[in-house]
Amino acid sequence: MSQNSETFCMHPFTGLATREDGAIQVCCRSHPIGFIQDEALEEIWNGDNMRRLRKQVLNNERPPECAPCFNLEDQGVESLRQRHIKGIIPEARITLYPDALTKLDTEYKMPFELPTMELKLNNLCNLKCRMCHPMDSTSWNDWKEVEEFYIRENNFMVKTIQDLKLMESPYLDKFTDNAAWWTSLEKLLPYFRRVEFAGGEPLTDPTHYRILEMLQPYAKNIEVKYATNLTSLGKGKRTIFEFWPAFKSIAVNVSIDGLEDSYEYVRGNAKWDELIYNIKEIKKIPNVSRVVGAVAVQVSNIMILDKMIEYFLNELEIVFYTNMVQYPTVLSAQVIPKDLKNKAIHRLQTATTRVASYPYVQANPVLLKITLEQIHGVINFLQQPTSQMLWKDCIEYNRRLDITRNQSFFDVTPEFKPYA
């Protein structure tokens with residue numbers, strides 16, 4: 001039993017994550033280890049599933065809940081697990097909580113004193129991004145147009161959306177009316193060192209502001225991190241400017257999945273000019289420690305990813321960071337035709353030669369290593385053997401959404417036209 005285990009992960013020892021349907025996860029990528037409707041948070045933290053999972057990651061075993069990370073690693077892509085044990089990124093848990101395992105007992109239990117919590121409490125969102133679905137956004141009203149593609153890949157989302165009746169009642173929230181959840185959260189407030197918000201869209205969510213109020217007495221000890229579309233800086237009279245200054249620091253991962261027209265194509269309802277304005281506004285706030293451009297790498301941005309890298313680092317002066325879209329499979333960058341894939345790889349390889357020359361990188365040398373690792377991860381992902389028979393399904397998936405959203409797959413990416 002050791003941190004030297006090849007499957008070791010910091011997350012089971014340092015925090016939990018929530019999902020809109022009440023699922024409690026080891027992290028935002030894992031499969032559920034329990035549900036808030038069935039057990040209190042304290043019970044899940046030291047329940048059979050969590051204790052078994054802790055034992056597995058300390059003994060060279062792969063817990064089934066952690067398959068999303070290990071699947072990426074098998075394709076040569078750096079996973080969230082690996083990012084947090086390498087100690088390079090600022091929020092690496094191996095660096096933030098080096099003594100976390102000293103509180104682990106012989107039964108793999110730990111005190112209910114979580115330093116980190118990742119909060120995704122409902123699906124309230126103003127956007128309808130192509131790689132999302134009704135469980136992620138209340139604006140996703142054309143699910144029936146593409147549901148069959150999820151059915152074909154036997155995706156759990158189909159049954160989940162049906163069981164939750166999201167087509168009849170789009171808003172999903174299993175936490176607000178759960179008194180036990182709020183009691184548990186209250187107990188954790190003094191121990192928090194990082195609280196991470198995602199959605200839905202947290203900056204438009206009243207529940208997010210309710211939690212910020214709860215955190216106020218401890219704010220000077222807490223870094224707050226966001227995964228946000230940043231299309232808004234607040235909800236009504238409640239804005240980030242009211243709350244953010246009280247906290248130790250604020251880290252913002254802004255979801256940016258294209259440039260200008262490609263951005264607006266992927267992130268339905270979003271406006272490019274508003275996004276850029278809001279990025280500049282939050283960078284003026286003194287305790288905003290970093291702004292990251294988080295890219296969900298997929299079909300509709302893979303051909304311009306090299307341009308996005310340059311724009312993020314050289315124009316916006318924000319960090320370039322990636323996640324791979326793995327479902328729906330038809331949106332994975334792996335499905336594009338082989339010669340397009342080779343072009344994308346060549347462009348990314350060329351991009352690696354320019355990164356060191358950007359003034360923002362020169363002023364922040366750690367970004368060179370971080371950026372190059374992101375690029376090489378995407379290249380490795382593209383080089384995996386894949387079934388390109390899904391290309392036609394990709395076209396059809398996007399064609400169906402194009403009709404309901406008045407958009408055009410081929411106009412946004414003209415390089416795809418010869419392969420229609």
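User: In which loop is the place of Lys-165?

Analyst: This is a predicted model, in which local features need pLDDT of at least 70 and side-chain atom pairs count only at pLDDT 80 or more, while totals for chains, interfaces and linings use all residues. Residues are numbered from 1 along each chain as its sequence is written, and side-chain values use heavy atoms, with hydrogens and water left out. Helices (H or I, at least four residues) and strands (E, at least two) are DSSP runs numbered from the N terminus. Lys-165 is placed in the loop between helix H8 (156–163) and H9.

User: Is Lys-165 buried or exposed?

Analyst: Phi of Lys-165 is near 55 degrees, a positive value in a residue other than glycine. Buried means under 20% relative accessible area, exposed over 50%, and partly exposed in between (1.4 Å probe, protein chains only). Because its relative accessible area is 51%, Lys-165 counts as exposed.

User: What is the relative accessible area of Asn-406?

Analyst: Asn-406 is in the loop between helix H18 (391–405) and helix H19 (409–412). Its phi is positive, about 55 degrees, although Asn-406 is not a glycine. Asn-406 is exposed, and its relative accessible area is 73%.

User: At what angle do helix H9 and helix H10 pack?

Analyst: Axes are lines fitted to C-alpha atoms, for helices over the stretch in contact, and angles run from 0 to 180 degrees between N-to-C directions. The axes of H9 (residues 179–188) and H10 (residues 206–215) are 11 Å apart, and the angle is about 40 degrees.

User: Which residues of H10 make the contact with H9?

Analyst: Contact means heavy atoms within 4.5 Å. On the side of H9, the contact is made by Trp-182, Leu-185 and Glu-186. On the side of H10, it is made by Thr-207, Arg-210, Ile-211 and Met-214.

User: How far apart in space are Ile-85 and Met-10, C-alpha to C-alpha?

Analyst: Ile-85 lies in helix H5 (residues 80–86), and it is partly exposed, with a relative accessible area of 29%. Not counting residues up to four places away in sequence, Ile-85 touches Phe-8, Cys-9, Met-10 and Ile-94. Ile-85 and Met-10 are 75 residues apart in sequence, but their C-alpha distance is 6.8 Å.

User: How much space lies in the largest cavity?

Analyst: On a 1 Å grid over the protein atoms alone, a cavity is a set of points where a 1.4 Å probe fits but cannot get out, and lining residues have an atom within 4 Å of a point. Grid points are joined across faces, edges and corners, and a volume is the space filled by probe spheres set on the points. A search of the whole structure finds four cavities of 30 Å³ or more. The largest cavity holds about 110 Å³.

User: Which element gives the most to the lining of the largest cavity?

Analyst: Of the 14 lining residues, the closest to the centre are Cys-9, Cys-27, Cys-66, Cys-69 and Arg-81. The elements that give two or more residues are helix H1 (11–14), helix H4 (67–73) and H5. The element that gives the most, with three residues, is H4.

User: What is omega of the cis peptide bond from Tyr-327 to Pro-328?

Analyst: Pro-328 lies in the loop between strand E13 (319–324) and helix H15 (338–352). The cis bond from Tyr-327 to Pro-328 has omega near 0 degrees.

Conventions
On a 1 Å grid over the protein atoms alone, a cavity is a set of points where a 1.4 Å probe fits but cannot get out, and a pocket is an open set with protein on both sides within 12 Å along at least five of seven lines; lining residues have an atom within 4 Å of a point.
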